[in-house]
There are 4 protein chains.
Amino acid sequence: MKRIRLGMVGGGNDAFIGGVHRIAARIDDRFELLAGALSSTPEKSEASAKALGINRSYGSFTEMANAEAAREDGIEAVSIVTPNHVHAAAAKAFLAKGIHVICDKPLTSTLEDAQSLAQSVADSDALFILTHNYTGYPMIRQARDMVHAGDLGDIRIVQVEYPQDWLTSPAEKEGVKQAEWRTDPKRSGAGGSVGDIGTHAHNLACFVTGLSVEKLAADLQAFGAGRTLDDNAHVLLRFASGARGMLWSSQVAPGNENALKLRVYGSKGGLEWSQEDPNYLWFTPQGEPKRLITRNGAGAGAAASAVSRIPAGHPEGYLEGFATIYNESAEAIRAVQNGTDKATAMGLLPGIQAGLEGMAFISACVSSSAQDAAWVTL
Amino acid sequence: MKRIRLGMVGGGNDAFIGGVHRIAARIDDRFELLAGALSSTPEKSEASAKALGINRSYGSFTEMANAEAAREDGIEAVSIVTPNHVHAAAAKAFLAKGIHVICDKPLTSTLEDAQSLAQSVADSDALFILTHNYTGYPMIRQARDMVHAGDLGDIRIVQVEYPQDWLTSPAEKEGVKQAEWRTDPKRSGAGGSVGDIGTHAHNLACFVTGLSVEKLAADLQAFGAGRTLDDNAHVLLRFASGARGMLWSSQVAPGNENALKLRVYGSKGGLEWSQEDPNYLWFTPQGEPKRLITRNGAGAGAAASAVSRIPAGHPEGYLEGFATIYNESAEAIRAVQNGTDKATAMGLLPGIQAGLEGMAFISACVSSSAQDAAWVTL
Amino acid sequence: MKRIRLGMVGGGNDAFIGGVHRIAARIDDRFELLAGALSSTPEKSEASAKALGINRSYGSFTEMANAEAAREDGIEAVSIVTPNHVHAAAAKAFLAKGIHVICDKPLTSTLEDAQSLAQSVADSDALFILTHNYTGYPMIRQARDMVHAGDLGDIRIVQVEYPQDWLTSPAEKEGVKQAEWRTDPKRSGAGGSVGDIGTHAHNLACFVTGLSVEKLAADLQAFGAGRTLDDNAHVLLRFASGARGMLWSSQVAPGNENALKLRVYGSKGGLEWSQEDPNYLWFTPQGEPKRLITRNGAGAGAAASAVSRIPAGHPEGYLEGFATIYNESAEAIRAVQNGTDKATAMGLLPGIQAGLEGMAFISACVSSSAQDAAWVTL
Amino acid sequence: MKRIRLGMVGGGNDAFIGGVHRIAARIDDRFELLAGALSSTPEKSEASAKALGINRSYGSFTEMANAEAAREDGIEAVSIVTPNHVHAAAAKAFLAKGIHVICDKPLTSTLEDAQSLAQSVADSDALFILTHNYTGYPMIRQARDMVHAGDLGDIRIVQVEYPQDWLTSPAEKEGVKQAEWRTDPKRSGAGGSVGDIGTHAHNLACFVTGLSVEKLAADLQAFGAGRTLDDNAHVLLRFASGARGMLWSSQVAPGNENALKLRVYGSKGGLEWSQEDPNYLWFTPQGEPKRLITRNGAGAGAAASAVSRIPAGHPEGYLEGFATIYNESAEAIRAVQNGTDKATAMGLLPGIQAGLEGMAFISACVSSSAQDAAWVTL
């Protein structure tokens, strides 16, 4: 299959997530990175492009969208890996030209931007994919399949948490660039930890269980001196189905590197998964011994194998999970190009709807916390 | 040292916790079990006493308190291991006679009983010890010492949970005696999982951190058909110090046997401990590798060693932790008999105050949940 | 049931293993410790006895055997917890008087002593029990039952190891009493780590699999400067059945506290167990997910439950496993007193045969190593 | 930096390891796969090439070597991923043309082939890299650095094992292609499990410790009915430095997927690492708590960070470790092209010497086992 011509907005030299997207796009060999508007100035962009061996460097995403759309061999898709507040404008520029968009999360920094972007997605023939990368892990696919197959019975309880420790000390005052924009409401939006990682936790819980959060009550804290955005959040969840849950996100929990963890309990069994050990899924049918299902190992089904590359016991990790989102994006793009309708082509890929739900989650958390943790309907 | 003459109320043949108390009392050889009112009828009591080699069997705790108090060689202390609603009356009978009381938790089934019992404790020269047994684990003592020594800095976040799975199926309708009285408000009080195990979680969090809960917001559920008491509870915590926390108790989480787990995070470091693997304590000083402190091993201090019996690598468990409460009770009783004042003699032992706090916790959870998880001050 | 009158030889104030035996004897309330020859001098013995509340203190085990045998209410059984080289003489003194012997391992310090003791056991009506305590762990019973039931198919491979780290530094030169006699061939016999802990590993492997070692090839090392006894041993095993194995014992492996671990693999499945986490047994039926069987939990059978005291999730440990040996010793003693033959009464208890096999194992290891790891037949 | 023009021999449609090499070559974007002789027939090769988007497909490696060497834009390097017995001839063809060779392990199927290949490597200006991929894991680099820095003191004990379970059942009779050639001496050479995975274990132990095995005594078994090659091996190791070790390789140990594990103990500390959880390294300085060092996390040094791509807590796995070998190969190739001498350019990369040591290891194992596990000098 011919590789998809890809561009990138953001992801210049120092950025973390841009490099991740590039590796993810390469792993399964479905993309070719040909163009970029990688930094905030044309000079920096050019330097970054050169370092990456990208020939077509642009000074801005607008320029890039126009120029690429005009070329015979212009990019078919673009990855948007800027800070949150740029997502909407950049995505719209490409969607307007019929160029497929693969966008980092959360969707935008404001709800207004999100809604406006949603309209652009609806109006475009191009796909919009949001890289909720954790949905690409094989054992998350396995978990989702097991819930849907009824292996857990009726879902009663969802415990999801995403603690980190990198903001325990005041990193934003110590020159850590990531910390600077993550703690800045102008660039990150109204949510701190709830926006950056709480959205991942929320998305993962909904993806695996197939349930949606109806109401939440959130108690947000900013433990770091001088912070205006939350660096820790405690959230009670009520799902529309009657299931209940708790969500914890934190950037100030020493000893937690990137400890996203999901536990789901139903009337017939329970599941537990941890992002830091992603090749394992614990399953306990009530009244039987706990079972350790391994990626591609005995007990793992077709959904997990379909997104695995190597045999059980050979660990796949974060980059492979991310690559699955890219691989499935390639499939979806080719499908749409071949006439499949957008919704069908998307398959399990997270899109604008997941993005809007994430924005609603952030907004509800902030609003609830402002009302002393009152229940807020999403 | 001479062994303390001990009696027991409750703990007849089928009871679980009575047997635990008896083993705990034996392990360190500080008690001699001599008298009992072990069951609800004189005949059953007699049969149980005989099976246990206890000579002095009584038909009721009142009879027992009177008779034993009248003997030269009467019991010095009594263990009360009945269902919750009997605790208060039984304890009062012995306290009134100056006999020390070691009582299972939670304190009582109603707040009124608890307050009335508190008065009796205040009026008596005898000690009242509540077996919040998890405070007896060496690594919990270690954790408490580390928090108090400032190893974690200012405490910011407390995550505590106590999930079990034994009520996932309707055990109370399947002839499981434990399940019958645990799900019966008349015998257990207003709290289901929050009363039975949530109180342990609450007590442990406070014991280790030295903090007290100021307010809580609780969302209680009864997932089991026909249940009136909660079998799952989600609670947001606000500590007086400004620390925040979450507490989860559940009896319907498949795959969780007795999974009490405490995590505490401060401005300088974090601690994690799990009851099912009690000989380990994880400690992460922010910015350094995680350390695994083992009971009596390198890194474990005096507080842990003082309540350990055997070298590191030789696991001690639940019964040993429980035995520590008994061992320290013996110390306290002898101290009081030798003239030490009650408060000093108690040392780290949980007493009436811990019991009242537990009752207040249950009451606040139930009240908050009745108000749709509004904040309730303890 | 009436408690068995018990005496003790060795186990004075400073000794580690004597205290363990006493707790183990108390846990299930089947013994009453009444007499002792606890130390090497009458004065020290008396002091230790007083501290323990034992009234009948003797200056030597000979005196004790004679005196106790002459009393109406003399001891029925004796625990021998001296250094290895005293085991044989002490045990013989009591066996000759018909007093049941519960003896710490390894059996003796020389093969001659062992054989002579075996004769005394054969000649006596009394039982001889060797406290290979690890056979008392519930999950070891479970493992044994599963092997015997054929859950693993034909046993092919046995991996057993027992690393510790306490002799990494020259503890015997730093005043550690345990280290002094453990590294002294006169008091410990020909084996260092192979005698002290290798015998446990060997015993456990044979107990669980039901197989016996036919030949071994051993490479013993003394890494600690000036040591004559091995502090590390690598052993190849050939079982009579055709199964093969490896055994590693070490006292110089930093990070290993008491890390006895057994892994057994057959044509149909595998088992893994670790002493430091004794409530878990991993079982993998070939081609299925790994299962975590927990003590008294789902998947655990009658053999494990029979020697458990408390529910799953409430960890039992080293002392409880040891107590099971005492509890079953009590059963065996009462059975013999009631006319059951010795072999039947012993049940699963390790006895003189296990002791002789342990001595043969030590002897073969030392002999093989002296021949540059040549195969030696046991 | 310009990407290196790469070819591939072997790795057609069904092959496992070819796909791994291709992903590994892509991850860091240092290679471009342009040519291939992917299968044993021109037709199959062509089909595989087409599927992979490779334009230059050849009928044999000889033809490929000649044709590519003759092109201006011919390949600079070739990956050889055929069954073992083809390695030598293929590698020689390219080395003779000055084309750098990246070869799968073990080196060859016979010692003669290995020695002859070694001569070709010596005679060529091109590099020869052997993909002992496990040396590319960041925490293995970390472990090596810690050993070399003296953090463990003098190395005393090396425990290394590599158990798998995929040959527990007779897979070679059930149509599993991998199993067919792995159990066939003609295609795999004299070693079964010792050749396939024992060499990895041997290589890893030597890489991390910097020690070399002087002598070994091996007991090889073929448990699967009808097998001539070992499917399980127990090996005693004596290192030239005086350190001792054990090595276990197995393909018949149910529950072990790919459980390569290395433990190293010295006079001052110990290290433990498991391939299935590769982002963790356990380090115990004697007398201190065990520490969990994480990839790119606190405690991890420059050697580990240099070969990490993403932050701690975002797991990297098998493919990333493999990619590091490719990335460093690219560096080495460019360095040689720029005039650096071959030895310097190789850096930590495994080459012909590691391959010869692996062949000597296999040969010694087979020879020792044939002599009833006598010591054989390497």
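Colleague: How many residue pairs are in polar contact across the interface of chain D and chain A?
Modeller: Keep in mind that this is a predicted model. The count takes in pairs with both residues at pLDDT 80 or more, and across the interface of chain D and chain A that gives 15.

Colleague: Which element gives the most residues to the side of chain D that touches chain A?
Modeller: Two elements of chain D supply two or more residues there, α1 (16–27) and α11 (318–337). The top contributor, with five residues, is α1(D).

Colleague: And how many residues on that side of chain D are charged?
Modeller: The side of chain D that touches chain A has 14 nonpolar residues and seven polar ones. That leaves the charged group, which comes to eight.

Colleague: Which three residues supply more of the area that chain D buries against chain A than any other three?
Modeller: The area buried between chain D and chain A is about 2500 Å², with carbon and sulfur atoms giving 56%. On chain D's part, 23% comes from Arg26(D), Glu257(D) and Pro315(D).

Colleague: Which residue of chain A forms a salt bridge with Arg26(D)?
Modeller: The interface of chain D and chain A has two salt bridges. In the one made by Arg26(D), the closest N and O atoms are 3.7 Å apart, inside the 4 Å cut-off. The partner is Asp29(A).

Colleague: Why do the copies meet through the same surface?
Modeller: The contact takes 29 residues from chain D and 29 residues from chain A. The copies share that surface because the part of chain D's interface residues that are also interface residues in chain A is 100%.

Colleague: Now chain B. How many salt bridges cross the interface of chain A and chain B?
Modeller: This contact takes 41 residues from each of chain A and chain B, and the buried area is about 3500 Å². One of the salt bridges joins Arg238(B) to Asp219(A), with the closest N and O atoms 2.8 Å apart. The number across the interface is eight.

Colleague: Which strand gives the most to the side of chain A that touches chain B?
Modeller: Between chain A and chain B there are 22 residue pairs in polar contact. On chain A, β7, β8, β9, β10, β11 and β12 each supply at least two residues to that side. With six residues, the one giving the most is β10(A).

Conventions. Residues are numbered from 1 along each chain as its sequence is written. Chains are lettered from A and ligands numbered from 1 in the order in which they are written. This is a predicted model: local features need pLDDT of at least 70, side-chain atom pairs count only at pLDDT 80 or more; totals for chains, interfaces and linings use all residues. Side-chain values use heavy atoms; hydrogens and water are left out. Contact means heavy atoms within 4.5 Å. Buried area is the accessible area (1.4 Å probe) that two parts lose on being put together, summed over both. A salt bridge is a side-chain nitrogen of Lys or Arg within 4 Å of a carboxyl oxygen of Asp or Glu. A polar contact is a pair of N or O atoms within 3.5 Å; within protein, one must be able to donate a hydrogen and the other to accept it, and residues adjacent in sequence count only if both atoms are side-chain atoms. Helices (H or I, at least four residues) and strands (E, at least two) are DSSP runs, numbered from the N terminus. Ala, Val, Leu, Ile, Met, Phe, Trp, Tyr, Cys and Pro count as nonpolar, Asp, Glu, Lys and Arg as charged, and the others, Gly among them, as polar.
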